[in-house]
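Here are some notes for your first look at this protein. Keep the structure open and check each point as you go.

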Amino acid sequence: MMALALLILAGAALQTNADMYLNSPRGSNNKLREQSNNVQNANRLFDSQNNAASGYQIGDDCKPACKDENNNYDVTKEGATRGTMKYYQESELYIDWYMQHGCGVGQPNLRCQIVLQYMCESENVNLRDGTGQGSAGGDGEDPTEEETAEPERGYHETLDYYQACYVRERNKGLYTSDRQMDDDGGATSTRQNPNGNGRRRGNQRHGLECPEERDYYPYWHPTPWHDIAIFTDEPQKRCEYYRNESQNVKGKGHCSNPQYNNPAACTANEGSWEEEASWNEPPPECVGGINSRDNHNGNVRNGHPQYHLWKIPSYVKGRCLIRIRYNITTGDYELGATANPQQEGAELVGRKADAFFIDSKQNDPNPNNRRRSIFKLKPATPLVLGQDPVADWLNLGEHVEDKSRLLQLQVNTNQYGRTFEDRTHTFLVLERPAGVPAGKRIVNYNVRGRRGNIVQVYPSVEYDFVPQDLVVEKGTLIHFQWTGSDANNNNNAGNGRAGTDRSNLVQVASRGETVPLPIEKHSLLFDATANPNDEAGRRLVDRFAYLGQDEIVTCNPDSNDDNAEDNCKQLNGASAYFDGGLVEMSQVGAHHVASTRNNDFSNRAHKATITVTRAQLTDYAMVGVVLGSILAAAMLVYLAAAYYAAVRPGSWLFSHRYRPR
């Protein structure tokens with residue numbers, strides 16, 4: 001048995017009912033290509049715990065659309081599910097998200113962490129999204145090699161990884177409250193998933209995810225996930241611990257006899273404890289999160305979403321994906337809270353000095369028998385809170401047996417606390433083009449959102465550029481690129497062909513205007529005022545506006561049928577995926593952009609601003625300029641003094657040795 005005593009936020013409840021939604025890059029919430037606003041198979045790859053209506057279908061690259069003659073999605077079309085985003089090494093990627101119950105420094109209603117991670121094909125050479133709706137590993141309770149290998153099934157964690165999780169004894173030192181744990185499922189059984197990740201009682205696995213690893217961070221065994229960043233409400237207390245325990249910098253062990261989960265049990269049973277080296281990467285960035293309100297999926301400061309700017313490291317390459325986990329609990333577990341009073345005279349040392357320390361000593365010795373029964377707080381019971389506890393909390397009854405003033409609290413102990421998760425579809429990380437030096441700044445400029453009005457897409461979002469307000473220096477390369485799906489619900493509101501996402505980019509004079517600027521006034525993709533005959537620049541403007549439709553279909557300028565693929569006015573002749581390539585920003589100023597198809601005043605705004613500033617000196621260059629200025633000033637003073645002395649040889653500035661006598 002592994003009796004690890006973990007912090008409730010550092011492990012045991014790095015997990016109340018909230019949701020976490022990745023908007024950019026597109027978070028899947030297990031969606032793939034269903035023509036539905038709800039996910040069809042919430043067990044496909046991972047356990048999100050999110051609202052079924054959230055998430056974005058995978059990107060498509062059919063030319064012009066992955067549709068059959070009845071305008072239904074056709075996965076057999078060339079380019080279906082292949083609208084894969086591509087990012088260059090050392091480019092800057094905006095990752096943005098919403099979460100339902102808030103987080104951040106000063107959030108009064110909960111304690112929270114947000115953990116951003118990535119995984120690449122170096123951890124699973126067959127990493128893929130799949131093309132079908134079946135679950136990773138197969139549709140039965142037990143995954144098989146044959147079904148795992150089926151290319152239409154998505155595949156994130158490997159089969160070996162899941163099997164090791166299932167065989168390995170769960171960590172019995174963890175807080176499981178009053179939950180009846182299924183010990184037959186090994187580490188697939190957690191407080192949040194007490195039945196072994198659905199392996200029992202008629203449910204299904206969630207892909208090949210290991211629930212214990214999913215619910216607890218930092219995990220104590222090797223995982224395929226690399227840490228990017230952590231956001232916490234208590235950075236001074238938590239960040240050093242998270243950074244030191246990250247697998248980026250710390251090796252993790254496992255037993256050669258996979259059922260044992262700690263070195264002592266391993267060696268006592270003739271196994272050898274084998275340490276896997278760390279990823280040998282920098283520790284994750286760890287900061288205090290921005291305070292956001294609860295009961296709200298929306299923006300934070302200045303009308304912008306929560307985001308992290310990830311500079312993709314040069315050692316990341318190939319097919320990858322991003323995972324975000326949102327881990328929260330209530331303040332009831334904090335030492336000194338009404339439900340968790342501090343015992344008089346108790347010595348708090350080491351981890352126990354943490355206000356959220358809690359472990360198996362607080363578990364119910366008689367689990368699964370307290371629901372809606374009269375609950376007695378500590379020290380009468382070891383539990384902090386039981387399932388839906390009932391009591392005369394206010395002591396209003398006339399005597400202890402008086403039941404006239406009972407109140408029930410809404411407590412689900414497998415959700416106090418709880419982990420939510422989302423993952424992107426896979427993307428490719430590429431080496432920089434040959435002509436782009438390593439130090440050259442590249443910023444990714446993308447589109448988020450899906451087809452539908454605000455009700456139909458909620459809790460996902462409608463179309464928007466990412467980032468909405470970008471400021472870069474002159475000379476920066478912007479990688480314009482976006483993807484969309486042809487598998488949206490055909491009944492969702494929108495413009496152009498039903499069920500399809502399409503976006504273009506034109507320049508407008510201001511964010512308040514709708515009419516695109518004529519090419520003679522263009523300033524973003526090229527400086528039309530200075531170079532009106534720049535053919536390369538003019539072609540860029542045309543390509544970003546019309547998306548190369550002339551190369552795909554024969555456009556009919558007289559067509560007004562929103563569903564006709566030759567209606568190029570509504571971008572129906574274009575693919576859902578667009579890669580505009582790297583464009584160097586050369587014109588200083590504010591450049592406002594919009595999408596002609598999606599910017600539909602009073603329904604939705606699809607606009608943004610890219611501001612280009614004059615190039616700023618780096619810190620080293622600034623130091624050089626300052627030192628150079630000082631030296632230059634000193635030289636000027638010296639030359640002036642020398643000239644003065646030369647024309648006035650009797651002055652005090654002239655050398656005594658050579659002064660005339």
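**Notes on the model**

1. Start with glutamine 507, which sits in strand β19 (residues 506-508). Keep in mind that this is a predicted model. Is glutamine 507 buried or exposed? Its relative accessibility is 5%. Buried means under 20%, so glutamine 507 counts as buried.

2. Now look at what the side chain of glutamine 507 does. It makes a polar contact with the side chain of histidine 522, at 3.3 Å. The side chain of glutamine 507 also reaches the backbone nitrogen of leucine 524, at 3.2 Å.

3. Which residues does glutamine 507 contact, leaving aside neighbours within four places in sequence? They are Pro516, Leu517, His522, Ser523, Leu524, His591, His592 and Val593. Leucine 525 is 18 residues from glutamine 507 in sequence. From C-alpha to C-alpha, the two are 9.2 Å apart in space.

4. Move to asparagine 193. This residue lies in a loop, between α3 (159-167) and α4 (211-215). Asparagine 193 has a relative accessible area of 9%, so it is buried. Its side chain makes a polar contact with the side chain of aspartate 215, at 3.5 Å. Not counting residues up to four places away in sequence, asparagine 193 touches Asp47, Thr188, Pro211 and Asp215.

5. Next, the aromatic rings. How many aromatic pairs does a search of the whole structure find? It finds 16. One of them joins tyrosine 216 and tryptophan 220: the ring centres are 5.9 Å apart and the planes meet at 45 degrees, so the pair is tilted. Tyrosine 216 is buried, at 1% relative accessibility. Tryptophan 220 is buried too, at 10%.

6. Tyrosine 217 and tyrosine 242 also pair. Their ring centres are 5.8 Å apart and their planes are at 50 degrees, so this pair is tilted. The pair links distant parts of the chain, 25 residues apart. Tyrosine 217 is in the loop between α4 and β5 (226-232), while tyrosine 242 is in helix α5 (residues 235-245). Both tyrosine 217 and tyrosine 242 are buried.

7. Ring pairs link Tyr445, Phe465, Phe480, Trp482, Phe544 and Phe578.

8. Finish with the whole chain. The protein chain has nine helices and 22 strands. Of its 661 residues, 55% count as buried. Its accessible surface is about 29200 Å², and 49% of that belongs to carbon and sulfur atoms.

Definitions and conventions
Residues are numbered from 1 along each chain as its sequence is written. This is a predicted model: local features need pLDDT of at least 70, side-chain atom pairs count only at pLDDT 80 or more; totals for chains, interfaces and linings use all residues. Side-chain values use heavy atoms; hydrogens and water are left out. Helices (H or I, at least four residues) and strands (E, at least two) are DSSP runs, numbered from the N terminus. Buried means under 20% relative accessible area, exposed over 50%, partly exposed in between (1.4 Å probe, protein chains only). A polar contact is a pair of N or O atoms within 3.5 Å; within protein, one must be able to donate a hydrogen and the other to accept it, and residues adjacent in sequence count only if both atoms are side-chain atoms. Contact means heavy atoms within 4.5 Å. Accessible areas come from the Shrake-Rupley method with a 1.4 Å probe; for residues, only the protein chains shown count as cover. Rings of Phe, Tyr and Trp (its six-membered ring) pair if their centres lie within 6.5 Å; planes under 30 degrees apart count as stacked, over 60 as edge-to-face and the rest as tilted.
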